[in-house]
Amino acid sequence: MHNSIEQTNGQTQACIQRLRNLPPETMPPYNWQEFQRRSLRHSAAANDAMDWRPIAAAAAFLLFVCAIAIWGRVGGGGRHVVADSGAVEDGSATWRRDEEPSANYTDRVWQADTKGSGDPAGGARTADSAPSTMRSGETTGSDGTPGALAPNVDSTRRTTGSGESTMAANRSRAIESWLATLPREPAVVRVGTRAAVAGLEDRIAQVDDLMTSIRIDGVQPDHVAALQRERLRLVGSLAQVRYAEVVASESP
Amino acid sequence: MVRLTDINVPPDVLASARSGGECAQAAVYAAVAPATFGLVRRLAGSRALAEDLFQETMMAVFQNLASFRGEAPLGAWVRQIAVSKCLMYLRSPWHRARLRLGSDGDADGRWVESLLPATPGPRAESVDLERALESLAPTARAVVWLFEVEGYSHEEIAQSFGRSVSFSKSQLARAHAKLRQWFEPPVDSQTCTTL
């Protein structure tokens with residue numbers, strides 16, 4: 001036995017001594033048979049409780065499988081569209097904006113595009129709102145950067161003739177080849193971005209159909225050149241939107 | 001009357017009990033049960049709670065009897081199990097919440113004292129030591145019993161409670177003070193009046 005901390009008080013020592021003199025044994029509440037009976041009852045209760053574990057695990061697994069199935073059904077295993085405040089009015093690209101201007105770069109690009117091909121302000125807005133890397137270049141894309149591949153609308157509008165038409169077609173192909181190098185669209189996209197991309201792709205397809213029709217009907221160089229310029233502008237806008245989408249998806 | 005740590009059983013009985021012999025297990029139970037219940041009764045305070053803890057302790061003893069290596073007396077091993085069960089209960093959130101309901105701030109169980117008469121009455125030799133022990137808070141009672149009677153050190157108590165050594169020392173000092181109050185003769189309080 002060790003000494004107590006407080007040994008200064010005799011009363012404390014007396015208390016301690018009395019505690020130590022207490023009988024160490026107390027009659028147990030029940031004998032061996034009763035202990036066995038209670039132990040068996042306790043074990044049975046524990047086993048009953050354990051029987052629920054596989055059932056709970058199976059239920060959890062079933063719920064998990066159902067959730068996966070529903071997710072696959074609703075999500076289609078592909079792209080999810082996150083709704084925002086915008087709305088697409090029709091497939092030919094009329095983007096209904098709310099009252100205040102959005103700071104979203106892709107929306108601004110889309111507004112510029114929907115002003116029409118003949119609107120120089122729209123083209124200027126497109127160029128102004130684009131990132132500096134995309135505004136800098138107007139030459140054909142030899143280095144593969146989006147800035148080098150982005151179309152300069154003013155210079156495009158100044159070009160005339162079949163030579164310019166061929167040049168526009170080459171630039172369109174260069175931009176499309178650069179677009180092909182971009183990563184796939186993310187699984188979750190914004191409605192505004194997705195609508196802009198889909199609208200631009202639809203309009204490019206329309207322009208392609210129109211050019212095919214004109215070529216079948218008879219070669220009209222002015223019309224083809226105008227359509228090539230329009231197509232170049234659309235492909236450039238698509239490249240800008242996709243580039244912005246890639247940058248946004250990579251930013252935290 | 002022997003203490004739990006002094007209890008040992010013959011090796012052949014112990015071997016038979018390990019292998020599941022019912023008679024041997026009954027003999028082991030008869031050997032250790034009284035002292036085990038005495039210890040649990042001191043630590044738990046109430047008899048109903050002590051019976052539950054005693055049942056759990058003895059079940060753990062027989063479930064783990066095969067793992068007993070025999071390096072120490074059987075009673076010491078059983079005592080360790082009993083103390084662990086009791087301290088687990090004292091440290092349980094349910095028990096703490098029950099204490100908190102009755103006392104705010106001082107977790108030493110004023111609710112226990114509130115159940116006792118305001119004036120402990122005649123405290124001299126007629127005082128019941130068991131009652132004095134029960135008047136202590138559960139934690140303080142466990143600390144004072146483990147330290148003064150069972151011979152635990154402050155470090156061992158602190159480790160068992162998962163607290164610091166200072167916790168054990170302060171609980172012990174507080175318990176001593178309360179026990180002294182029980183055994184001090186009543187002093188007639190006289191008011192001093194200045195003329």
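In this predicted model, the contact between the two chains draws 27 residues from chain A and 31 residues from chain B. On the side of chain A that touches chain B, the elements that give two or more residues are helix H1 (10-21) and helix H2 (32-75) of chain A, and of these H1(A) gives the most, with 8 residues. Sorted by class, the residues on this side of chain A comprise 14 nonpolar, 8 polar and 5 charged.

Chain B itself is built from 10 helices and 0 strands, so that its pattern, read along the sequence, is α-α-α-α-α-α-α-α-α-α. Of the 195 residues of chain B, 35% count as buried. Where contacts in chain B join residues at least 6 apart in sequence, 65% of them link residues at least 24 apart.

Helix H8 of chain B, which covers residues 138-149, can be described in terms of its length, its surroundings and its packing. Its 12 residues should span 16 Å at 1.5 Å a residue, and the distance of 16 Å between its end C-alpha atoms agrees with that expectation. Because 11 of these 12 residues are buried, H8(B) is largely enclosed by the rest of the structure. The buried set consists of Pro138(B), Thr139(B), Ala140(B), Arg141(B), Ala142(B), Val143(B), Val144(B), Trp145(B), Leu146(B), Phe147(B) and Glu148(B). The cover over these residues includes an element of the other chain, H1 of chain A, together with helix H2 (22-44), helix H4 (74-91), helix H7 (129-135), helix H9 (154-161) and helix H10 (165-183) of chain B. Just after H8(B), Gly151(B) adopts a positive phi of about 85 degrees.

Two helix pairs within chain B were examined. Two packed helices are described by the angle between their axes and the distance between the axes. For H8(B) and H10(B), the axes come within 9 Å and cross at roughly 95 degrees, and the two helices are therefore roughly perpendicular to each other. From H8(B), this contact involves Thr139(B), Ala140(B), Val143(B), Val144(B) and Phe147(B), and these meet Ser168(B), Gln171(B), Leu172(B), Arg174(B) and Ala175(B) of H10(B). By class, 6 nonpolar, 3 polar and 1 charged residues take part in the contact of H8(B) with H10(B).

The second pair is formed by helix H3 (residues 47-63) of chain B and H4(B), whose axes also come within 9 Å but cross at roughly 135 degrees, an angle that makes H3(B) oblique to H4(B). The crossing of H3(B) and H4(B) is right-handed. On H3(B), the contact is made by Leu53(B), Glu56(B), Thr57(B), Ala60(B) and Val61(B), and on H4(B) by Val78(B), Ile81(B), Ala82(B), Lys85(B), Cys86(B) and Tyr89(B). In this contact of H3(B) with H4(B), 8 residues are nonpolar, 1 is polar and 2 are charged.

H4(B) has 18 residues, which at 1.5 Å a residue should span 26 Å, and its end C-alpha atoms, 26 Å apart, agree with this value. The buried residues of H4(B) are Leu74(B), Gly75(B), Trp77(B), Val78(B), Arg79(B), Ala82(B), Val83(B), Lys85(B), Cys86(B) and Leu90(B). Among them, Val78(B), Ala82(B), Lys85(B) and Cys86(B) also belong to the contact with H3(B).

Note on methods. Residues numbered from 1 in each chain as written. Chains lettered and ligands numbered in written order. Predicted model: local features only at pLDDT ≥ 70, side-chain atom pairs only at ≥ 80, totals over all residues. Contact = placed C-beta atoms within 7 Å. Helix = DSSP H or I, 4+ residues; strand = E, 2+ residues; numbered from the N terminus. Nonpolar A, V, L, I, M, F, W, Y, C, P; charged D, E, K, R; others polar. Expected span 1.5 Å × (residues − 1). Buried ≥ 20, exposed ≤ 12 C-beta atoms within 10 Å, placed from the backbone. Axes fitted to C-alpha atoms, helices over the stretch in contact; angles between N-to-C directions. Parallel < 35°, antiparallel > 145°, perpendicular 65-115°, else oblique. Left-handed = near helix turned anticlockwise from the far one by under 90°.
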